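Take a look at the structure below. This report walks through some of its helices, its sheet and its cores.

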Amino acid sequence: MIETSSNATAPDVAAKSVNEESPAEATNVQHNTGPGSRPRKKATRGRMGKLKGVRIAGTGSYVPERIVTNEDLAALGCDSDWIVRRTGILQRRHAEPDQATSDLCYEAALRCLENANVSIDEVDLILVATITPDHPTPSTACHLQRRLGAVAPAMDIGAACAGFMYALVTGAQFVSNGNARNVLVIGADLMSRTVDPEDKKTYPLFGDAAGAALLVPSNVDDSPPSDGERESSDPGIQADGLLAYQLGSEGCGGEMLCIPAGGSRTPITAESDPAASRYLQMDGRGVFKWAVRIFDESAKDVLNAANVSSDQLGLVVLHQANQRIIDSAVSDLNVPPEKVFVNLDKYGNTSGASIPLALDEAAREGRLKEGDLLLLCGFGAGLAWGTALLRW
């Protein structure tokens with residue numbers, strides 16, 4: 001996502017509905033009054049919830065070896081300086097022609113399981129968030145299950161750049177409810193296959209990657225804390241799990257970020273115009289405004305629900321879409337830059353892989369300590385979003 005022109009724009013009514021608040025919404029919005037302040041209660045757009053008894057036991061990621069720099073794209077007529085100035089992206093990874101989404105998932109899954117010290121036969125659910133499946137059917141998750149040799153149900157979840165958050169919350173439900181002990185959650189996309197190389201302002205934005213996280217039951221003791229533990233802990237703050245989360249969608253803006261052809265509405269035929277329909281089309285300016293607003297609102301909703309202030313956060317990991325979106329969003333939340341993890345410059349926008357890829361890098365770099373409060377937020381096509389506050 002980026003503020004730019006594209007080869008297609010959404011209807012005015014869709015743009016207005018997601019970029020402008022109604023009078024009722026405007027009266028409900030409350031803003032932070034300073035660093036560390038808790039947002040006041042207000043009506044929320046998305047579905048709120050919280051889950052105990054679940055934690056992330058390990059992460060893993062994989063990116064293709066082929067690095068595509070801005071200078072490489074200059075040969076296609078792309079402006080390298082414009083890319084950096086407007087997005088913050090310096091390079092991205094592109095999969096080889098013989099690589100599919102499940103291939104990247106497989107590598108990320110192996111690294112995640114090794115990191116968590118869990119064998120594949122212990123995995124009892126596999127969720128893959130992707131909008132670039134190997135085939136329309138069967139699911140990429142089933143391809144992955146077969147290749148891993150797992151004995152587990154497997155399914156895809158399609159929510160674009162918010163996909164990993166939807167999959168994370170779905171998997172956490174199984175663990176929290178006692179219906180699964182090891183849930184493998186993967187976000188993966190080969191976005192380079194979805195964008196028209198002739199679209200000079202959209203093609204440079206996207207890259208290919210996969211990231212994984214393993215959800216397991218929490219080892220936090222449910223017994224009441226001792227006097228010493230009570231004094232050292234934050235009163236009123238949940239000790240483990242997803243302290244609060246929000247999932248939401250605004251389908252009225254769906255045409256702002258879409259691939260028109262390839263589904264049952266507009267099948268691809270010999271008579272189709274491929275350039276006009278089978279590639280990603282984006283109203284960049286409208287999506288930019290929506291993304292900044294939706295993160296601001298959903299992050300404050302989640303922090304308020306968890307009784308947590310922004311200065312208590314250990315790290316913030318947002319969907320890596322655009323450096324300007326990230327900067328604008330976190331400044332409104334009064335979060336210092338050193339608490340915001342960014343790897344957009346190296347990988348571009350990897351859609352569903354964006355958050356787990358960043359999460360794995362942050363963990364490997366020692367940016368997360370046990371007990372840290374971690375804020376995650378994914379947002380994109382749908383329009384859909386997912387925000388969660390969890391205890392590391």
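## Two helices side by side

Helix 10 (residues 284–306) packs against helix 11 (residues 323–332) at an angle of about 35 degrees. Their axes are 9 Å apart. Axes are lines fitted to C-alpha atoms, for helices over the stretch in contact, and angles run from 0 to 180 degrees between N-to-C directions. Helices (H or I, at least four residues) and strands (E, at least two) are DSSP runs, numbered from the N terminus.

Which residues of helix 10 meet helix 11? They are Phe-288, Ala-291, Val-292, Phe-295, Asp-296 and Lys-300. Their partners in helix 11 include Ile-325, Ala-329 and Val-330. The residues of this contact (heavy atoms within 4.5 Å) divide into seven nonpolar, one polar and four charged. Here Ala, Val, Leu, Ile, Met, Phe, Trp, Tyr, Cys and Pro count as nonpolar, Asp, Glu, Lys and Arg as charged, and the others, Gly among them, as polar.

## How the model was read

This is a predicted model: local features need pLDDT of at least 70, side-chain atom pairs count only at pLDDT 80 or more, and totals for chains, interfaces and linings use all residues. Residues are numbered from 1 along each chain as its sequence is written, and side-chain values use heavy atoms, leaving out hydrogens and water.

## The nonpolar cores

A nonpolar core is a set of buried Ala, Val, Leu, Ile, Met, Phe, Trp, Tyr and Cys residues joined through side-chain atoms within 4.5 Å. Buried means under 20% relative accessible area, exposed over 50%, partly exposed in between (1.4 Å probe, protein chains only). The largest core has 51 residues. Phe-295 is among those with the most contacts inside it. Helix 10 gives the largest share of this core, 11 residues.

Beyond its neighbours within four places in sequence, Phe-295 is in contact with residues including Leu-318, Leu-375 and Cys-377. A second, separate core has 34 residues, Val-54 and Leu-374 among them.

Five strands form an open sheet in the order 1-9-14-13-12, with mixed pairing. Two strands pair if DSSP finds at least two bridges between them. Strand 1 (47–51) and strand 12 stand at the edges with a single partner strand each, so one side of each has no neighbour in the sheet. The twist averages 15 degrees from one strand to the next.

Strands 9 and 14 run antiparallel, joined by seven bridges. Helix 13 (residues 354–364) lies across strand 12 and strand 13.
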